[in-house]
Amino acid sequence: MNETVGKPIDRVDGKLKVTGGATYSAEFNIKNMVHGVAVLSTIAKGRIKNINTGIAEKSPGVIEILTYKNSMQLHSPSSSDPGGGKFAEKDLLPLQNDRVFYDGQIIAVVIAETFEQAEYASHLVKVDYQVEEPVFDLLKNIGKAYKPASGLGGAETQVSRGNAAEAMKTASVKIEQTYTTPVYHHNAMEPHATIALWQGETVLFYDATQSVAGVKSLMSSMLGVPKEKVRVISYYIGGGFGSKGFTWPNTVLTAMAAKLANRPVKLVLSRQQAFTTVGRRSETIQKIALGADQTGKLSAIQHHNTVESSFVDEFVETAGVATPMLYSSQNVDVSHSLVRLNKVTPCPMRAPGEAPGTYGLEVAMDELAYQSKIDPVQLRLINYAEEDEDKHKKFSSKNLRECYQKGAALIGWDKRNPQPASMKEGKMLVGYGMATATYPANRSASSAKAVLFADGHAEIRCATQDIGTGTYTIMTQTAADALGLPIEKVKVKLGDSEFPKGAQSGGSQVTASVGPAIRAASLGVVSKLIKFAVADAKSPLHGQKEADITAQNERIFLTTKPAQGEAYTDILKRQNLQQLQAQAATKVSTRQKTEANPAAGGSPEKEIEDESKTNIAVQEDEKLDRKPFSFHSFGAHFVKVLVDPDLGMIHVDKAVAVMDVGTIMNEKTAKNQIMGGMVFGIGMALMEETQYDPNRGRPVTRDLANYLVPVNADMPEFVVEFINKPDTIISPIGARGIGEIGITGITAAINNAIYHATGKRVRELPVTPDKLL
Ligand code: MOS
């Protein structure tokens with residue numbers, strides 16, 4: 001019964017957030033707490049010959065200075081679980097030796113009574129280096145590229161079917177171009193922040209993370225502390241976008257500093273420090289070739305990507321990951337090559353792979369449309385993939401045609417004159433462009449607990465987290481509907497690793513993973529209530545069939561005779577129960593490869609497994625055979641841009657997105673997620689770019705004055721619509737995640753609109769006015 005799911009209700013944590021009542025990781029005041037400030041390397045490769053902490057140690061308030069010389073020994077992280085719990089740089093455990101692999105690497109932590117004292121003293125640490133020759137430039141080092149065996153979560157990096165090279169030779173229309181995207185940084189509002197507190201052998205973290213469960217397992221293994229003695233709390237998170245998905249050195253260093261100082265330590269990274277210590281999006285060089293016959297049918301697709309990693313881990317920005325399944329073609333060839341550079345390891349950033357990859361592919365499709373003289377929407381319909389031709393599987397649900405149709409109507413595509421530079425408003429050139437959006441529909445194992453209290457309110461507990469996306473809100477709606485309670489009577493508690501293990505907030509998977517677990521736990525409570533009632537001679541439902549009973553409005557009653565029933569509180573009272581709880585664990589995973597099962601053994605509450613065997617909701621969910629299906633979300637972006645012909649200034653005037661992402665859990669938070677992705681895409685297309693000093697390999701655009709992100713004045717009129725058809729295969733709630741799909745395709749749609757406005761094709765992002773003139 002959907003009473004609240006889908007409704008655009010306000011965020012349940014909205015008031016707390018705007019009144020300062022939501023406590024973020026850096027905001028806990030712990031008695032006796034001191035402050036850590038990181039010291040960063042100033043060379044990109046070499047060794048520390050000498051690190052002189054003498055002067056800094058004498059500076060007022062300084063307690064200890066943590067360096068590789070007095071650091072505790074760390075153990076290798078035990079898991080590199082794609083569902084959460086990956087230490088970012090496996091070959092650079094912090095402060096374990098004198099090696100430097102990139103400029104801005106953390107080489108010391110100054111611990112002082114106040115933040116200001118630590119910050120001041122951090123500048124007094126003197127370091128002599130033995131400098132070695134670094135490599136910085138992707139293009140110049142392309143000769144050193146190698147083919148990585150796999151990407152994130154085991155994603156395939158080299159994929160081919162048919163013979164694309166051969167098919168290109170005979171294609172009647174051909175596009176062969178190179179598209180590039182620069183390094184981007186996440187720049188979440190909330191900085192990376194940790195408080196670590198040792199109490200004997202146990203350690204408590206308040207940590208800004210996309211995975212409390214992942215940080216728990218990592219810190220346990222790295223610090224050599226049993227899992228049950230590590231607790232990680234992250235109640236509110238000010239965005240992550242992938243930068244808080246992997247765990248970076250700052251978290252474990254805070255615990256190391258707290259141990260050394262024997263005091264609780266808070267360590268917050270500055271905006272500048274975040275540019276070199278917590279990841280970034282890899283630069284991409286994408287060589288794309290498309291071949292088509294006279295009718296526009298794609299005979300060949302080639303997508304060869306060169307991307308970068310560091311010398312201390314292998315991360316692949318899988319820009320070609322969507323290419324094998326997005327369009328129908330018999331001949332496809334996708335590859336990824338990796339060049340190692342002396343820079344911090346790249347990491348996932350909102351739609352890792354798909355965001356830059358759909359840029360290249362969808363601009364190439366636009367170029368093909370012009371060359372074939374076929375409308376860009378029509379070209380995509382001609383090459384519509386009815387099934388996943390890469391995996392030879394049906395899609396669990398795909399309604400992309402409707403997205404194109406609806407999007408075209410909403411932007412007024414029929415008024416578009418296809419001729420480039422033909423449309424004007426006043427002196428401004430007008431351009432319309434479109435592109436396809438796509439992102440996998442991930443689901444992984446999750447567990448949750450539901451507790452109904454004697455006063456009639458319920459609590460949900462799950463060790464997942466709300467990174468700012470609305471998870472608290474939609475999980476409240478999910479639980480309220482399953483429990484038959486109004487949302488005011490449901491309190492969802494997340495962000496504490498003591499709770500049953502839930503999914504990482506990454507890969508857009510929380511809604512589809514945690515939602516079914518919370519629903520099943522809630523239904524478990526209802527089922528227990530019904531069992532009590534039918535077995536109790538004092539209940540008006542005594543002796544009735546369980547299947548004939550409905551739960552709604554805080555009571556259970558006969559479905560055909562609603563007056564015959566009773567309130568939850570009456571049942572608990574007669575049973576003399578202060579609380580009634582149920583737990584559920586669902587093991588369903590839609591991931592391509594599941595070499596690690598995030599929930600397996602991860603729950604602190606072992607009885608979850610056993611109870612799930614009797615939970616009908618879990619059983620029905622798990623018995624569905626999902627192997628024949630491929631799980632993806634789709635959508636279409638249509639944008640209108642205005643370009644100043646004299647100045648080259650570009651303004652996105654209107655942006656329409658129509659998304660096919662299964663059931664919409666909350667229309668308001670859903671639109672908010674898609675709009676957020678589109679804003680990210682506007683930044684990516686028009687202004688964002690991390691620029692490096694070519695001699696030092698150091699970011700020079702390392703603050704929000706120089707690394708430009710879109711602001712209100714850059715915003716278009718947004719129109720976001722959903723197909724809102726449940727995906728009945730992925731889960732009983734029918735929803736697929738929406739955190740990332742909004743950024744896919746949007747950069748290409750903007751680029752295609754700029755071409756339509758001006759007749760000039762810029763293939764290197766960002767499209768800045770200088771490139772246009
Ligand atoms: Mo996302 S880049 O998987 O946090």
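This is a predicted model: local features need pLDDT of at least 70, side-chain atom pairs count only at pLDDT 80 or more; totals for chains, interfaces and linings use all residues.

Q: Which helix holds glutamine 378?
A: Helix 10, which covers residues 376–382.

Q: Ok, zooming out. How many helices and strands are in the chain?
A: The chain has 19 helices and 31 strands. Its radius of gyration is 27 Å, close to the 28 Å from the globule rule for 773 residues, so the chain is as compact as a globular protein of that length.

Q: What box do the C-alpha atoms fill?
A: Roughly 80 × 70 × 50 Å along the principal axes.

Q: And what share of the residues is buried?
A: 63% of the 773 residues. The accessible surface of the chain is about 28,500 Å², and carbon and sulfur atoms account for 51% of that.

Q: What about contacts between residues at least 6 apart in sequence: what share join residues at least 24 apart?
A: That share is 81%.

Q: Let's do helix 18. What span should its 13 residues have, and what do the end C-alpha atoms give?
A: At 1.5 Å a residue they should span 18 Å, and the end C-alpha atoms are 18 Å apart, which agrees.

Q: Why call helix 18 largely enclosed?
A: Because 12 of its 13 residues are buried. Among them are Ile746, Ile750, Ile754, Tyr755 and His756.

Q: What comes after helix 18?
A: Glycine 759, with a positive phi near 80°.

Q: Where does asparagine 752 belong, and what is its relative accessible area?
A: Asparagine 752 is part of helix 18, residues 746–758. Its relative accessible area is 0%, so asparagine 752 is buried.

Q: Which residues is asparagine 752 in contact with, leaving aside neighbours within four places in sequence?
A: Glu362, Val363, Asp366, Arg380, Tyr432, Gly433, Met434 and Arg761.

Q: Now helix 6. How many residues, and what reach?
A: Helix 6 runs over residues 249–261, so to speak 13 residues, and reaches 18 Å from first C-alpha to last, close to the 18 Å expected. Of those 13 residues, 11 are buried, so helix 6 is largely enclosed by the rest of the structure.

Q: Which residues of helix 6 are buried?
A: They include Pro249, Val252, Leu253, Met256 and Ala261. Just after helix 6 comes asparagine 262, which takes a positive phi of about 60°.

Q: Last one, a strand. Where is isoleucine 51 found?
A: In strand 2, residues 46–52. At 7% relative accessibility, isoleucine 51 counts as buried.

Q: What does isoleucine 51 touch, not counting residues up to four places away in sequence?
A: Thr67, Tyr68, Lys69, Ile107, Ala108, Val125, Lys126 and Val127. For isoleucine 107, 56 residues away along the chain, the C-alpha separation from isoleucine 51 is 9.2 Å.

Terms used. Residues are numbered from 1 along each chain as its sequence is written. Side-chain values use heavy atoms; hydrogens and water are left out. Helices (H or I, at least four residues) and strands (E, at least two) are DSSP runs, numbered from the N terminus. The radius of gyration is taken over C-alpha atoms; the globule rule is 2.2 Å times the number of residues to the power 0.38. Buried means under 20% relative accessible area, exposed over 50%, partly exposed in between (1.4 Å probe, protein chains only). Contact means heavy atoms within 4.5 Å. Accessible areas come from the Shrake-Rupley method with a 1.4 Å probe; for residues, only the protein chains shown count as cover. The expected span of a helix is 1.5 Å times one less than its number of residues.
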